[in-house]
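Visitor: Please take me through one part of this structure at close range. I would like its strands, their partners and the residues that face each other.

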Amino acid sequence: MSAEHVTDILILGAGFSGLAMAMEARRRGFDDIAILEKADDVGGTWRENTYPGVACDVPSHLYSFANHLNPDWSTCYAGGGEIWAYMKNVAQREGLYELCRFGRTFRSAVWDGARWQVETEEGERWSARVLVSGLGALHIPKTPDIPGVESFPGTMMHSARWDHSVDLAGRRVAVIGSGASAVQFVPAVAQTAARLTVFQRTAPYVLPRPDGPIRPWVRALYRRFPILPRLRRRLIFKFFEMRHATFRGEARAVRIGMKFWRRALEKSFPDPADQARLTPDYRIGCKRVLSSNDWYPALARDNVDLVTSGLERFEGRTLIARDGTRVEADVVVWGTGFHVADSLARMDFRGVDGRPIAEAWKNGLEAHLGTALDGFPNLFILLGPHTGLGHNSVVLMIEAQAEHVGRLLAAMRAEGREAVAPKPAAQAAFEAEMERRLEGMVWQDGGCSSWYQDADGKLTTLWPGTVAEYQTRMAASGLEQYQDIPPAPSQDRIPQEA
């Protein structure tokens with residue numbers, strides 16, 4: 001076991017959340033900061049996902065840090081590589097690389113009565129007064145257990161673990177799933193594969209988007225007049241905020257969304273029978289609404305087949321659907337998404353008296369303001385429960401959380417308070433509010449199951465309001481909603497090895 005490293009603020013993960021928290025802490029005058037990152041560079045989701053066609057479904061001028069607007073986005077919806085390059089550039093300019101400790105995979109964190117004692121998979125030990133989780137959810141691939149899968153002799157890969165050494169040209173490729181990742185990589189794969197079969201369990205709503213290159217002269221104007229990209233960002237924000245009405249079931253918003261979806265579908269599939277196979281059996285918004293200009297044209301290609309009954313089993317190279325359809329494949333790509341609702345509960349945090357976070361969440365994920373948890377002092381979770389979105393940029397949510405945490409830490413320093421956690425009553429009231437407000441929204445009553453819900457069907461991931469409301473709520477919340485956690489007697493603390 002290596003010697004213990006000591007820091008004031010320890011951040012887990014160097015994605016958007018980790019970088020935002022580090023910048024906010026520095027802005028508040030905190031300099032003793034370390035970031036533990038399992039990989040060899042910053043970037044999070046955008047470092048992990050490199051599949052063909054990977055991009056963000058939020059316009060780049062909005063999916064970026066508010067204090068680091070990029071005038072040089074090449075397209076309206078940037079690809080993953082460009083987003084990753086942007087994040088590395090921000091980290092370089094802000095001097096965040098000097099805070100990063102790469103190749104450190106989080107294993108566990110224990111509150112010893114005064115500080116967090118953290119261990120990595122590599123055997124390193126860290127001691128920190130404040131612990132911030134920026135681990136995110138889109139990094140644990142989810143692969144269903146399909147009978148006979150071990151008999152498949154060809155290549156298999158998850159979209160988040162794309163093997164670029166595999167040449168798909170002239171190959172028979174089977175894609176399992178038709179979610180957000182598949183909607184992006186299927187059009188790219190269809191251009192090279194000899195035969196591509198998509199196994200669709202449930203059809204998604206896929207709407208077109210106003211994408212396209214941003215001309216060099218426009219980018220030049222953005223560089224010369226920084227107010228212009230800021231105005232563009234504001235306009236995009238306002239437009240995307242209006243999409244929230246769909247989730248409330250407002251008739252006009254639903255009609256507009258359905259109109260755009262129907263028009264895109266009918267353009268590629270004029271046959272009503274084909275349209276029926278691609279029509280979801282749930283209300284729009286119940287599952288994530290996807291955006292693409294290429295999905296339906298790709299499915300309409302002569303070398304692409306759609307199987308709508310889902311995959312039942314493997315028999316060697318033969319994939320057999322529930323309706324008996326048999327498909328021969330050389331390569332299988334899992335587009336089955338990630339563990340989301342249960343990803344936080346998998347983390348080994350132990351709070352006051354060694355209580356595991358899994359026990360605190362035995363009835364479902366919860367956190368005050370989606371950020372802090374009763375019984376877990378000085379622990380802050382970015383993109384925690386009830387902070388996910390279906391309509392706007394989660395970077396805005398992250399920044400609102402980071403600013404909230406930064407203000408709390410600054411107030412604690414000013415008042416000489418060492419450790420705080422949410423008041424139980426405040427957290428309980430917030431959770432009750434979330435349950436009440438989510439009732440009747442399309443995610444609960446839209447006729448589907450989705451990754452928004454946990455294994456018990458409880459909706460624990462999404463924020464029921466607009467981003468503007470969350471930003472206002474976080475800015476108005478302070479230490480009055482937290483209570484001091486007195487240090488445990490030294491003899492009760494967990495002993496530390498040298």
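Guide: What follows is a close look at one strand and its partners, then at a loop residue and the sheet beside that loop.

This is a predicted model, in which local features need pLDDT of at least 70, side-chain atom pairs count only at pLDDT 80 or more, and totals for chains, interfaces and linings use all residues. Residues are numbered from 1 along each chain as its sequence is written, and side-chain values use heavy atoms, with hydrogens and water left out.

Start with strand β6, residues 125-133. Strands here are DSSP runs of type E with at least two residues, numbered from the N terminus; helices are H or I runs of at least four. Nine of the nine residues of β6 are buried, so this strand is largely enclosed by the rest of the structure. Buried means under 20% relative accessible area, exposed means over 50%, and partly exposed lies in between, with a 1.4 Å probe and protein chains only.

Now the partners of β6. Two strands pair if DSSP finds at least two bridges between them. Strand β1 (residues 4-12) pairs with β6 in the parallel sense, over eight bridges. There, Glu4 has Arg125 of β6 as its bridge partner. Strand β5 (residues 116-120) runs antiparallel to β6, and four bridges join them. Gln117 is bridged to Ser127 in β6. The hairpin of β5 and β6 has four residues between the strands, and Gly123 takes a positive phi near 95° in it. Strand β18 (residues 379-381) is parallel to β6, with three bridges. Ser133 has Ile381 of β18 as its bridge partner.

Next, the loop residue. Asp330 sits in the loop between β15 (326-328) and β16 (331-334). Asp330 counts as buried because its relative accessibility is 13%. Contact means heavy atoms within 4.5 Å. Beyond its neighbours within four places in sequence, Asp330 touches Phe152, Gly154, Thr155, Arg171, Arg172 and Arg317.

Two of these names lead on to the sheet. Thr155, a contact of Asp330, stands opposite Val331 in β16. Strands β7 and β16 pair in the parallel sense over four bridges. They belong to an open sheet of five strands, in the order β7-β16-β8-β9-β12, with parallel pairing.
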